Amino acid sequence: MLRAIAGILGIGMFVPEKVLTNDDLEKMVDTSDEWIRTRTGISERRLADPHQATSDLSSKAALMALEDAGIAADQVDAIIVATMTPDMPFPATACLVQHKIGAHRAAAFDLSAACAGFIYGLSVATAYIESGMYSTVLVIGAEVLSRVTDWTDRSTCVLFGDGAGAVVVGNINRDSGVPRIMSVSIGADGSSAHLIHVPAGGSLRPASEETLRNRLHYISMSGNQVYKFAVRIMGDAVLEALSGMGLNKEDIDCYIPHQANARIIESAARRLQLPPEKVFLNINKYGNTGAASVPIALCEAKATGFVKSGDLVALVGFGAGLAWGAAIVSW
Ligand SMILES: CC(C)(COP(=O)(O)OP(=O)(O)OC[C@H]1O[C@@H](n2cnc3c(N)ncnc32)[C@H](O)[C@@H]1OP(=O)(O)O)[C@@H](O)C(=O)NCCC(=O)NCCS
């Protein structure tokens with residue numbers, strides 16, 4: 001039997017309305033619009049309202065992706081929510097999304113691979129489709145990072161934002177013109193797990209008065225070390241995904257990276273010898289939205305015509321774990 005082919009049938013995104021600008025941050029911590037823009041490329045980010053949780057953002061992005069695909073929610077076989085900010089420790093946010101969008105038939109689970117989570121989710125969905133186990137899988141990357149951001153720490157609070165992106169992955173015909181997932185490659189290096197983490201709130205250090213007092217429920221990061229790792233891995237991961245397909249970096253038409261820092265993206269693109277016009281950037285509007293960043297970028301790249309039919313698209317993500325992943329899609 002011929003192996004089924006996985007493709008992207010539809011795509012959607014959602015960002016909350018509330019905008020937090022660099023000027024707003026100047027009133028909260030000792031920083032400046034100039035520092036944030038030149039060091040990170042970020043001008044503003046979106047923040048969820050107090051009543052909005054990750055499942056709410058996820059559901060809106062998912063419904064847009066399903067509409068784009070022309071697929072009803074009850075046709076979905078599985079929902080994967082990649083997130084490091086679930087609504088609660090359990091149940092899985094994906095189960096809450098299943099109920100909110102009415103995808104009654106779907107299996108539902110969360111996937112924890114931080115900012116590489118969407119690419120990890122894509123690898124799982126692709127394997128489900130290619131094995132014949134499922135024919136329609138919803139992959140969502142979503143975060144409400146503002147809830148784990150220490151708004152008194154200027155070295156991290158300027159970086160993050162909230163949002164969600166989603167794709168419907170399905171079984172396609174080779175000549176259908178639907179974007180085809182050609183290759184997905186994922187990896188991790190747990191020896192550097194301490195470089196970016198939320199130290200408390202899990203089984204190692206459950207919530208206590210002491211963990212609250214020491215602000216251990218917020219993101220803690222060694223920015224410089226993560227920066228160096230990111231520049232290297234954002235090139236290497238793409239080369240790994242290309243290898244074995246007889247393709248090389250010159251074949252890439254569009255590079256859609258995790259939006260963590262514009263300088264990281266520019267350095268990684270230089271290492272791959274990709275000209276700036278092939279590199280998609282929207283970090284100025286949203287900051288780092290974790291697992292949501294790659295699908296949001298892909299959604300906007302498609303909507304603005306940056307990605308066109310026939311393009312070879314490289315998606316790449318990296319983050320806490322340390323974990324990384326890249327996917328090559330023939331659009
Ligand atoms: C965080 C990051 C933007 C910091 O940029 P940088 O150029 O490395 O800056 P440094 O950390 O070397 O700090 C330089 C100075 O700016 C200061 N600074 C840090 N944050 C600041 C802010 N928001 N406003 C003003 N000054 C700030 C530092 O205190 C330091 O001052 P000092 O020299 O007097 O000690 C950068 O390291 C980065 O993006 N790292 C990767 C983070 C990332 O991608 N994380 C997510 C992974 S998914």
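**Entry 1: the cis peptide bonds**

I began with Pro 91, which I found in the loop between S4 and helix H4 (93-101). I am working on a predicted model, and I read its peptide bond from Phe 90 to Pro 91 as cis, with omega near 5°. Leu 322 sits in the loop between strand S12 (312-319) and strand S13 (323-330).

Is Ala 114 buried or exposed? I count Ala 114 as buried, because 24 other C-beta atoms lie within 10 Å and the cut-off for that class is 20 or more.

I also recorded Arg 215, which is not a glycine and yet has a positive phi of about 55°. Its place is in the loop between helix H7 (209-213) and strand S10 (220-221). With 13 other C-beta atoms within 10 Å, Arg 215 is partly exposed.

**Entry 2: overall form**

I counted 11 helices and 13 strands in the secondary structure of the protein. The C-alpha atoms fill a box of roughly 60 × 45 × 35 Å when the principal axes are used. I compared the radius of gyration, 19 Å, with the value near 20 Å that a compact globule of 331 residues would have, and the two agree. Of the 331 residues, 52% count as buried. Taking contacts between residues at least 6 apart in sequence, I found that 77% join residues at least 24 apart.

How many residues of domain 1 are in contact with domain 2? I have 48 residues of domain 1 in contact with 46 residues of domain 2. On the domain 1 side, the elements that each supply at least two residues are strand S1 (5-14), strand S3 (44-47), helix H5 (117-131), strand S6 (136-144), helix H6 (154-157) and strand S7 (162-172). By residue class, I divided that side of domain 1 into 26 nonpolar, 16 polar and 6 charged.

**Entry 3: the shell around the ligand**

I next went through the 20 residues around the ligand, of which Thr 31, Gly 223, Ala 260, Asn 261 and Gly 319 come nearest. Helix H2 (33-40), H6 and helix H8 (223-242) each supply at least two residues of this shell, and H8 has the largest share, with 5 residues. The shell divides into 10 nonpolar, 8 polar and 2 charged residues.

**Entry 4: the nonpolar core**

I looked up the largest nonpolar core, which has 117 residues, and I listed those with the most contacts inside it as Ile 79, Ile 80, Ile 119, Val 139, Ile 140, Ile 256 and Leu 315. The largest share of this core, 10 residues, comes from H8, the helix that also has the largest share of the shell around the ligand. The core draws at least three residues from each of domain 1 and domain 2. I keep in mind that, in soluble globular proteins, nonpolar side chains tend to be buried together.

Ile 79 lies in strand S4 (residues 78-82), and I count Ile 79 as buried because of its 28 C-beta neighbours inside 10 Å. Which residues does Ile 79 touch, not counting those up to four places away in sequence? My list for Ile 79 is Ala 94, Val 97, Gln 98, Ala 103, Ala 106, Ala 108 and Leu 138.

For Ile 80, again leaving aside neighbours within four places in sequence, I found contacts with Ala 94, Phe 109, Leu 111, Gly 121, Val 124, Ala 125, Val 137, Val 139 and Ile 140. As a last entry, I set Ile 79 against Val 307, and from C-alpha to C-alpha the pair is 25 Å apart in space and 228 residues apart in sequence.

How values were computed. Residues are numbered from 1 along each chain as its sequence is written. This is a predicted model: local features need pLDDT of at least 70, side-chain atom pairs count only at pLDDT 80 or more; totals for chains, interfaces and linings use all residues. Two residues are in contact if their C-beta atoms, placed from the backbone, lie within 7 Å. Helices (H or I, at least four residues) and strands (E, at least two) are DSSP runs, numbered from the N terminus. Ala, Val, Leu, Ile, Met, Phe, Trp, Tyr, Cys and Pro count as nonpolar, Asp, Glu, Lys and Arg as charged, and the others, Gly among them, as polar. A residue is buried if 20 or more other C-beta atoms lie within 10 Å of its own, exposed if 12 or fewer, and partly exposed in between; C-beta atoms are placed from the backbone. A residue is near a molecule or strand if its C-beta atom, placed from the backbone, lies within 6 Å of it. A nonpolar core is a set of buried Ala, Val, Leu, Ile, Met, Phe, Trp, Tyr and Cys residues joined through C-beta atoms within 7 Å. Domain bounds come from an automatic or database domain assignment. The radius of gyration is taken over C-alpha atoms; the globule rule is 2.2 Å times the number of residues to the power 0.38.
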